[in-house]
Amino acid sequence: MRALVRIVSWLYAIAIYGFIFLPVVVLVLFSLQATSFPIPPFTGPSLRWYDAVLADTRLTSALVNSLLVAACSSAAAVTLGFLSAWGFARFALPGSALLRGLITLPLTVSYLIIGMGLLVLFNWAGIPKSLLAAGVGHVVINLPLCFAIIYSQMGDHQINIERAARDLGAPEWKVLLLITVPVMAPAIFAGFFLSMTFSWDEFVISFLLTRFDTTLPVEIWNLLRSGLNPKTNAVGSLVFAVSIVLVVFFELMLLRRKPA
Amino acid sequence: MNSATNSGRALPRAGWALVTPALGWTLLFFVLPFVAMGFSSLTAHDGGGFTLANYGQFFTNPAYWQAMVNSLQVTAIVTVVSVLLAYPFAWILAEQVPERWQRLALMLAVLPFWTSYVVRSYSWLLVLAQNGVINRALTGSGLFSEPLQLANTRLATVIGFVHFFVMLLTLTIFANLKQLSPSYRKAAADLGAGPVRTFLHVVLPLTLPGIMVGAFLTFVLCVGDYITPQILGGNNELLMPQLVMMQIGRRGDFPLASALSIILMAVVTIAYLACARWLKIERA
């Protein structure tokens with residue numbers, strides 16, 4: 001009985017892993033052949049389409065744009081999130097629960113609707129489509145996340161350290177910079193990293209709010225108009241490779257910090 | 001948080017200075033756009049005054065109504081299939097895989113999702129296309145003489161969604177299973193229940209709230225998604241987000257797009273209220 005459960009479990013797990021990995025394996029495999037269609041039979045390997053991607057200035061500038069929007073909007077989101085979390089955790093503000101609810105509200109609304117709302121507002125106010133507009137949208141989606149993460153980590157033991165610093169005569173800004181920020185660094189870092197990930201991968205808000213200069217997901221979307229295209233495979237594989245390197249890097253950093 | 005009251009000499013005014021930027025941002029770029037969308041939805045596309053025609057169109061035009069029905073059907077199918085596939089997988093990872101390998105097993109399951117979302121949908125197109133991997137394998141093995149129409153169908157949309165949500169639900173259900181204290185299972189065993197009965201009467205009911213949270217998350221993310229149905233389903237059958245985007249793209253009809261967005265949001269809110277009540281009953 002036990003052995004049977006084990007065998008069935010193994011088969012099931014292999015089937016699910018197969019399902020999860022199937023598209024990405026196909027993506028990477030057929031990015032490595034020289035023919036103009038990324039379809040079987042496999043005739044590789046060749047790096048022809050990777051050269052084509054790196055020579056495509058639209059794609060490379062979209063990549064830079066994406067990084068820029070992700071870094072700036074995440075920095076803004078984590079700053080606003082941290083300040084508000086500190087304010088709500090350390091001061092008794094009237095209507096606190098309601099206001100905290102307001103800040104986290106965007107988490108429950110789909111990106112499409114947030115993007116639509118900003119499009120209507122900016123259109124009405126005469127603000128042109130731009131990377132900045134998309135960045136504003138990315139702060140809207142990431143601020144609640146940063147706030148929730150940092151607020152949930154503001155425990156009582158940090159209060160005592162802050163109070164000790166105040167007793168020793170530190171002004172409020174020094175408490176903030178020298179005590180609170182370093183103590184909260186893991187939560188701040190987690191908020192920033194998650195925001196970067198979401199902004200980097202965000203499509204629909206950027207699609208609605210940018211025009212000529214745009215982000216990488218939108219540029220990849222434009223490539224899709226040409227149907228199955230090995231260049232799309234190559235750029236997708238590159239994004240995948242970069243993400244994996246980053247994730248492994250962060251994972252190792254987190255593992256190393258933990259006491260063995 | 002009970003810390004707010006004992007912060008010593010801290011002044012509320014300083015507190016307001018800290019929370020105002022975030023509140024202002026939320027009001028200006030989240031609440032105000034919503035109000036603008038509400039106003040826009042009550043105006044006519046070609047100018048003119050207040051009208052309910054945009055909402056009226058949704059209820060009278062069968063094509064629009066159908067998009068909502070399609071969206072809800074696809075979402076329901078995706079949610080049920082994903083839970084059914086993810087639960088056994090999460091159980092295997094939590095119970096059958098040795099403790100020290102579990103972290104690696106989970107990381108492996110999440111790995112393929114570090115591509116861009118757009119690229120992931122495109123990858124399924126490579127698999128499902130007329131001359132894609134599956135059709136080549138089927139015709140090559142002689143099982144079928146003609147390639148199957150897999151891409152640009154509802155099936156393709158469902159597969160694309162299920163792929164993502166199986167991973168997401170595996171994570172939530174796994175976390176749930178790990179939180180269960182082993183003493184419940186020991187108690188059930190001591191009282192004479194076999195593994196099957198223990199699972200059905202102890203483990204499953206205790207993980208049900210977690211499943212509901214995951215299912216609700218699936219519903220919200222799935223019903224508002226544009227990429228997967230647009231890339232994999234194509235335009236043969238429209239879902240709500242595709243209908244919304246179509247109003248902006250082809251016709252620049254912001255009022256109608258606003259009205260449809262608000263209707264879509266209302267549906268999510270109703271689902272949330274229904275789910276919240278259900279969860280509360282479960283906890284009591």
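Me: Which residues does L126(B) touch, not counting residues up to four places away in sequence?

Reply: This is a predicted model, so side-chain atom pairs count only at pLDDT 80 or more. Setting aside residues up to four places away in sequence, L126(B) touches V26(A), L27(A), F30(A), P38(A) and L228(A) in chain A, together with G132(B) and V133(B) in chain B.

Me: Which members of the largest nonpolar core touch the most other members?

Reply: A core is read as a set of buried nonpolar residues joined through C-beta atoms within 7 Å. The largest one here has 136 residues, and I150(A), L125(B) and L126(B) touch the most other members. Helix α6 of chain A, residues 131-152, gives the largest share of this core, 14 residues. From chain B, domain 1 (15-51) and domain 2 (63-283) each contribute at least three residues.

Me: How many residues of each chain are in contact with the other chain?

Reply: An interface may be read first by its extent, then by the elements that supply it, and finally by its composition. Here 68 residues of chain B are in contact with 71 residues of chain A. On the chain B side, at least two residues come from each of α1 (12-41), α3 (62-95), α5 (117-128), α6 (133-140), α7 (154-179), α10 (227-233), α11 (240-249) and α12 (254-283). The largest share of that side, 19 residues, belongs to α1(B). In composition, the side of chain B that touches chain A has 49 nonpolar, 17 polar and two charged residues.

Me: Why is chain A described as more spread out than a compact globule?

Reply: One begins with the secondary structure: chain A has twelve helices and zero strands. Its radius of gyration is 23 Å, well over the 18 Å that the globule rule gives for 260 residues, so chain A is more spread out than a compact globule. Along the principal axes, the C-alpha atoms of chain A fill a box of roughly 75 × 65 × 30 Å. Buried residues account for 43% of the 260 residues in chain A. Of the contacts in chain A between residues at least 6 apart in sequence, 73% join residues at least 24 apart.

Me: Where does the UniProt record place the annotation "transmembrane region" in chain B?

Reply: An annotation can be set beside the model's own geometry. The unreviewed UniProt entry assigns "transmembrane region" to residues 16-36, 72-93, 105-125, 155-177, 198-221 and 254-275 of chain B. In the model, residues 105-125 of chain B are 71% helix and 0% strand, with end C-alpha atoms 27 Å apart. Residues 198-221 of chain B are 100% helix and 0% strand, and their end C-alpha atoms lie 33 Å apart.

Notes
Residues numbered from 1 in each chain as written. Chains lettered and ligands numbered in written order. Predicted model: local features only at pLDDT ≥ 70, side-chain atom pairs only at ≥ 80, totals over all residues. Contact = placed C-beta atoms within 7 Å. Helix = DSSP H or I, 4+ residues; strand = E, 2+ residues; numbered from the N terminus. Nonpolar A, V, L, I, M, F, W, Y, C, P; charged D, E, K, R; others polar. Buried ≥ 20, exposed ≤ 12 C-beta atoms within 10 Å, placed from the backbone. Domains from an automatic or database assignment. Rg over C-alpha atoms; globule rule 2.2 N^0.38 Å. UniProt positions renumbered as here; feature names shortened; annotations may be inferred.
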